[in-house]
Amino acid sequence: MSIALLYERSENDEAGIKHTAQQLGIDLNFIPFRKIALTISKEGFTAKTKGKDYTDVFNQTVVVLNRAQSKNRRLQASYIMEALGKKTLNTSQVEFTCYSKLRTLLKLWKAGLPVPKTVFVPCDASDFMKNHREIHNENDIADLFQAEIPIDDGIVIKADAGTHGKMIMLSKTREELIDNIKKTKPNIINPIGVVAQELINKWFYDLRIIVYKEKGKQAICHNKALARAGFKDFRTNTFLGNLVFEANLPTNVLDLAVKCGNTLGEGNDAWIFALDAMVNVSDKHVDEAFIKAQLDFAAQEYLPVQKVKAAETRLTDFSAWNTKLEQAFSMYANSSSYQKVKNVIDENIANNRDALVFHEANSCPEFWENTRLVTGLNVAVPLLKTAQSLID
Amino acid sequence: MTNSTNPNTFKAKCPDCDAELEISSDTEVSEIVSCSGCGLELEVKSIRDGCVDLQELTIEGEDWGE
Ligand SMILES: Nc1ncnc2c1ncn2[C@@H]1O[C@H](COP(=O)(O)OP(=O)(O)O)[C@@H](O)[C@H]1O
Ligand SMILES: [Mg+2]
Ligand SMILES: [Zn+2]
């Protein structure tokens, strides 16, 4: 009776899950999903790579922690594993919702939860007729967006199934809008149509909030969030070079996040999400020049953390590498510039506690390098505990 | 990284699933081999005195995301 970690490539998060499982005394099976051929036939099923038969591993598995990095493979993995009688974390239903930002927003909106004003136009920027003639829809799509969101306020176009800020584009003029609509062709991260959103005046940070539910228990929202901050790009993803800070969440925000979790996870015994949220800031209560200066100082303090992150020892001795990472991070978090920026963010959230919007739910969040160090929550723990709760 | 006994193959370990791999001794550095255990693609980083150092390829698929 066991839990299997399904993954494609073992990255820090997966190594972190293995490491945490060892500490918790939980045995894990491993399913390197990418090149395991699944065969279904009247004899049953087999699961094999060229050199190894994983059928027994599959058979022994009760719960699958689905960490396939590709969103599409993750979705297929969840359906496959459920068809084979396994419990999955997250379930195929949850994966299906989170795959699409639009589907996520629809569920949250329907439950009365705050989301950015969003416009979806189902057609694509251009279509090809049978005679190969191209029809352009960019102008119509732009008109439809502008009828709902003033271009002067900024219109954000998003790839519906994108990630890491990919294909998230801000337009402030009609020309930019047309250009950005053109770029949003159907592709693997934007299967169909065009999604646009009002630009949330989130100042210089957004939030990543962890909520989870074990079977038979109430949902929990961790009371610290990961704030990703910087003025470089309106997209605050850490991937784009932004810095990370801990943020305290007021109780009303914790309640809202739990509601988001319960809404997206409805009908499922257990689930885990990293919710992305923004604060629509009405009062910029601190001088921006001060924040920019502190962010520059903090960026210097962060350099040693980046150095450890890039070190190859991660691959040879994860545990020792991790200790170094934690030490470097704690130096950064104790620096005065970090504390100053953190204070601004904490105050700003408290002042605008009723102005939060939720814009995305991540079903397979990265956590080892940022969320865990910043918020003190090792997401591997709730992941493993939640998986255990599914074993009857 | 293990010393080889068979002169025609080098022994190596998959950094991901720990499977023992036999790498042909005419393999060149930077060649891509795949692990028979987990199927991952591995890049030959160095070959020194019959020791083969393998590293996972850092591919990042178009739809890889949280
Ligand atoms: N409507 C918006 N208004 C302002 N900023 C936005 C908006 N939508 C996204 N962003 C910024 O872009 C980042 C990435 O957007 P998100 O929808 O979370 O997609 P991804 O899947 O790429 O993380 C967010 O973290 C936020 O900083
Ligand atoms: Mg996001
Ligand atoms: Zn392997």
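This is a predicted model: local features need pLDDT of at least 70, side-chain atom pairs count only at pLDDT 80 or more; totals for chains, interfaces and linings use all residues.
Which polar side-chain atom lies 2.6 Å from an oxygen atom of ligand 1?

**View 1. Polar contacts around ligand 1 (pairs of N or O atoms within 3.5 Å).** The side chain of A:Thr236 supplies the polar atom, 2.6 Å from a ligand oxygen. A nitrogen atom of ligand 1 lies 2.8 Å from a polar backbone atom of A:Glu198. A polar side-chain atom of A:Lys202 is 3.0 Å from a nitrogen atom of the ligand. In total, 22 residues surround ligand 1, each with a heavy atom within 4 Å of it. Among the closest are A:Lys101, A:Asp206 and A:Glu360.

View 2. Helices are DSSP runs of H or I with at least four residues, strands are E runs of at least two, and both are numbered from the N terminus. Helix α5(A) spans residues 101–110. Its buried residues are A:Lys101, A:Leu102, A:Thr104, A:Leu105 and A:Leu108. Buried means under 20% relative accessible area, with a 1.4 Å probe and protein chains only. They share one side of α5(A), because they cover an arc of only 160 degrees around the axis. That arc is taken over the directions from the helix axis to the C-beta atoms.

**View 3. An open four-stranded sheet in chain A.** The strand order is β2-β1-β5-β6, with parallel pairing. Strands β2 (28–32) and β6 (87–89) form the edges, each pairing on one side only. Pairing requires at least two DSSP bridges. Five bridges join β1(A), residues 2–7, to β2(A). A:Leu6 has A:Ile31 in β2(A) as its bridge partner.

View 4. Most residues other than glycine have a negative phi, and most peptide bonds are trans. A cis peptide bond joins A:Leu89 and A:Asn90, with omega about -5 degrees. A:Asn90 lies in the loop between β6 and α4 (92–99) of chain A. A:His164 has a positive phi near 55 degrees. This histidine is buried, at 12% relative accessible area.

**Conventions.** Residues are numbered from 1 along each chain as its sequence is written, while chains are lettered from A and ligands numbered from 1 in written order. Local features need pLDDT of at least 70 and side-chain atom pairs 80 or more, whereas totals for chains, interfaces and linings use all residues; side-chain values use heavy atoms, without hydrogens and water.

Methods:
Buried means under 20% relative accessible area, exposed over 50%, partly exposed in between (1.4 Å probe, protein chains only). A polar contact is a pair of N or O atoms within 3.5 Å; within protein, one must be able to donate a hydrogen and the other to accept it, and residues adjacent in sequence count only if both atoms are side-chain atoms.
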